[in-house]
Amino acid sequence: MTGKLFDVPRRALAGLCALLALAGVIMLTAMADSTMQPLPASAPDGEFSAERALRHLERFATEPRPIGSRAGERARDYLTGQLRAAGLDVRVQRAIGANTSAGLASFGQVDNIVATAKGSDPTGTVVIAAHYDSAAMGPGASDDAAAVAAMLETVRALKGTALRNDLVLLMSDGEEDGVLGAEAFVREHPLGRKGGVLLNWEARGVSGPSLMFQTSRNNAGLVETFADAVPHPRGDSTMGELYRLLPNNTDFTPMAESGFTGMNFAYIEGSSRYHTADDSLAHLDRGSLQHHGSNMLALTRALGGADLETLDADHDLTYFRIFGTMVTYPNALVWPLAGLAAAAVAGLAVLARRRRLLSLPRLAVAAASGVVPLLLAAALAQGLWEVLVAWRPAYDGMGGLLHRPQAFQAAVVVLAALALLCWYLPLRRRLGPAALAVGALAWPAALGLLCAQVAPGMSYVLTLPALFCALGGTAAILLRGAARQAAVLQVTAVTLGAVVAAALLPALARTAFDGMGLALGGVPALVLAVFGLTVLPIAELCLPERRQSLVPLAAAGLAVLLVPTGLARDGFDPANPLRTHLAYVMDADTRTASWVSADAEPPAWTRRYVSGHDTTPLPPGYARGTSLWTGRAPAAAGAAEPRVTVLGRDGDTVRLRVTAGRAARSVTLRVERPIAAATAAADGLTPVSVDVTGVRSNTWPGEIRFRGLPDTGAEISLRVPGADRFRLTAVAETDGLQRVPGFVPRPKGVVAATREDGDLVAVTRTYEISAG
């Protein structure tokens with residue numbers, strides 16, 4: 001019993017028509033997920049205008065604004081002035097923010113802008129949050145100045161509107177250095193401890209629609225408000241589940257952990273510009289700014305006038321857009337739908353067995369072997385990335401977020417198809433197309449059940465395709481021979497069954513491409529392979545009966561051809577610059593200096609400064625990584641130097657006074673032994689203590705950072721268990737390399753890499769800390 005689910009005359013033509021119909025669904029879905037058209041400054045006063053918001057960006061978002069910088073001060077002065085002019089009560093919260101990771105304690109003096117407007121009859125507080133600092137490498141026009149400008153334009157559009165609930169605008173500081181401002185806000189500020197409904201706004205690119213990609217738990221009321229209030233809602237519950245897999249966070253994280261309920265928004269396309277000099281006004285998509293602002297204004301009005309207590313819920317919603325409509329349902333339906341999909345696939349198997357289209361042993365082998373194309377697709381995509389990095393090492397520094405990745409993304413699509421063909425064709429005659437098609441559906445159904453348990457918001461993207469494809473296959477079997485038009489009806493039934501899969505799974509793969517890049521290309525490849533499993537009956541119509549080996553050979557050839565095509569198209573130029581890392585390091589104890597680069601293969605400009613891998617001239621504990629490039633450098637006169645004074649020692653705990661000179665923005669302490677806890681204090685600010693676990697990799701095991709270090713310095717206490725004597729290297733960090741003798745600025749087409757220790761003058765001193 002090795003039959004087909006259905007067969008029709010002119011099978012190739014029928015299959016081609018069905019595939020074209022599904023391609024149309026994919027294209028329409030992509031078009032429906034586009035962003036908005038920007039509104040001009042002449043738009044009505046009550047509407048959000050991207051052009052009006054852009055005028056604010058032109059005033060404060062044209063230069064980097066890292067924590068503690070003079071540019072940050074200028075931006076803060078402008079923003080507070082605008083908010084006060086709008087009639088809000090504006091205060092600046094100065095505090096020490098803190099964060100930890102493996103072996104690292106991060107501190108920073110932050111200046112959060114907190115603006116408030118009292119509600120007429122408040123049932124709670126609505127907090128709109130975005131950070132006004134930027135990464136040190138670029139002006140951060142999208143990350144996160146666009147959201148800050150949108151806040152100003154939203155306030156203007158709300159003028160004359162009496163909101164029921166209290167409104168708080170939080171423009172946080174120090175987000176780029178570990179969400180320091182948000183952490184200090186929830187720990188020390190009365191409004192942060194009070195809680196409320198949070199709307200946080202971010203960007204991980206320079207274009208694309210504003211996506212609601214994360215919510216707090218028990219989000220039913222919030223999601224319903226979002227779906228009803230926002231004119232162009234984008235985002236789905238799958239994003240929240242995928243976001244948990246990514247090694248990053250936003251201001252939303254500490255605020256949600258402290259008790260805020262809320263939603264998190266970002267646009268993520270054009271992510272090759274993220275955290276670089278190209279995150280600028282020139283590259284900002286005005287439509288993305290419009291979408292951010294329109295959503296912000298609509299939600300502020302809706303939540304500002306709502307009874308916030310009615311938003312409390314005891315469950316989450318699954319939510320997603322399909323065919324331009326936002327679909328929501330309670331997660332209580334996740335398990336029933338997953339079970340229904342599994343039952344539909346089982347029913348299809350029983351029906352196919354009764355019609356003698358397959359045998360149970362063959363079905364079992366087909367289902368068990370279905371894991372092969374999934375794993376193979378992911379492996380091929382990851383292998384493609386390794387090939388690209390080996391051929392063009394500069395890609396490694398981009399983290400898979402390339403300027404023009406379309407040809408490579410197409411190669412991943414072809415590789416996913418190749419993985420399916422390499423599995424399907426050898427088993428086609430032995431097991432039969434029907435057994436393979438039904439067995440293939442067992443995988444989205446089973447994965448839907450798995451997600452129902454571990455990631456309920458993601459289950460629908462697997463459950464619904466499995467359910468509808470199983471129903472389409474069942475209809476096709478039941479229609480066999482029912483009428484002269486049976487062939488057309490069968491193809492129609494199977495195609496309609498696959499429409500849901502075409503609307504959901506390729507869109508998820510596109511989101512994975514945008515959010516994770518080609519470095520994690522195995523994720524979209526896996527999703528695409530699942531999509532391929534759902535459309536096997538249609539693909540079967542297009543496959544030849546003879547010389548079938550030519551099909552995978554053609555796919556492999558196309559994939560190979562797409563690689564040089566992509567390399568040729570994605571070359572670096574002034575519009576799409578190359579990234580390179582460079583730092584200047586001087587040991588103040590020996591007055592020796594070095595250039596340092598972490599590039600795998602430094603480009604020509606960087607090779608002006610580095611020539612080999614000799615790290616012995618570097619200060620103790622400075623080297624981070626095993627393959628740094630280095631080169632001799634002249635000593636820089638007048639560079640800010642760190643000073644560490646031991647104030648006292650009590651057992652394992654050492655108290656230090658640390659200064660770094662007026663020009664230095666930050667100081668880093670690297671310790672040759674693991675640290676277990678650290679405390680930071682500065683004049684007039686509440687001390688902050690954190691516990692530290694784990695060790696730093698590829699450098700000394702313990703590290704403490706203080707960003708935005710006051711001119712008067714800071715007091716740092718650290719606990720180093722079991723270490724009577726240890727070395728500590730202090731690093732004073734000053735932005736920019738322009739003052740280093742002999743430095744030549746980067747040419748057009750080359751920008752600073754995103755590594756946090758790049759484009760810094762780092763001056764070090766090493767201290768021996770002993771029991772005495």
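The model is predicted: local features need pLDDT of at least 70 and side-chain atom pairs pLDDT 80 or more, whereas totals for chains, interfaces and linings use all residues. Residues are numbered from 1 along each chain as its sequence is written, and side-chain values use heavy atoms, without hydrogens and water.

**Helix packing**
- The axes (lines fitted to C-alpha atoms over the stretch in contact, with angles from 0 to 180 degrees between N-to-C directions) of α15 (residues 433–454) and α16 (residues 460–478) come within 8 Å and cross at roughly 145°.
- Helices here are DSSP runs of H or I with at least four residues, and strands are E runs of at least two, numbered from the N terminus.
- Contact (heavy atoms within 4.5 Å) involves residues including Leu441, Pro444 and Leu447 of α15 and Leu462, Ala466 and Cys469 of α16.

**Salt bridges**
- The count comes to 34 salt bridges, each a side-chain nitrogen of Lys or Arg within 4 Å of a carboxyl oxygen of Asp or Glu.
- Arg76 and Asp111 form one at 4.0 Å, N to O, linking helix α3 (residues 70–85) with strand β2 (residues 104–117), 35 residues apart.
- Arg76 is buried at 12% relative accessibility, and Asp111 is buried at 6% (buried is under 20% relative accessible area, exposed over 50%, partly exposed in between; 1.4 Å probe, protein chains only).
- Asp573 pairs with Arg404, the closest N and O atoms being 3.4 Å apart; both lie in loops, so the pair ties together parts 169 residues apart in sequence.
- Asp573 is partly exposed, at 25% relative accessibility.
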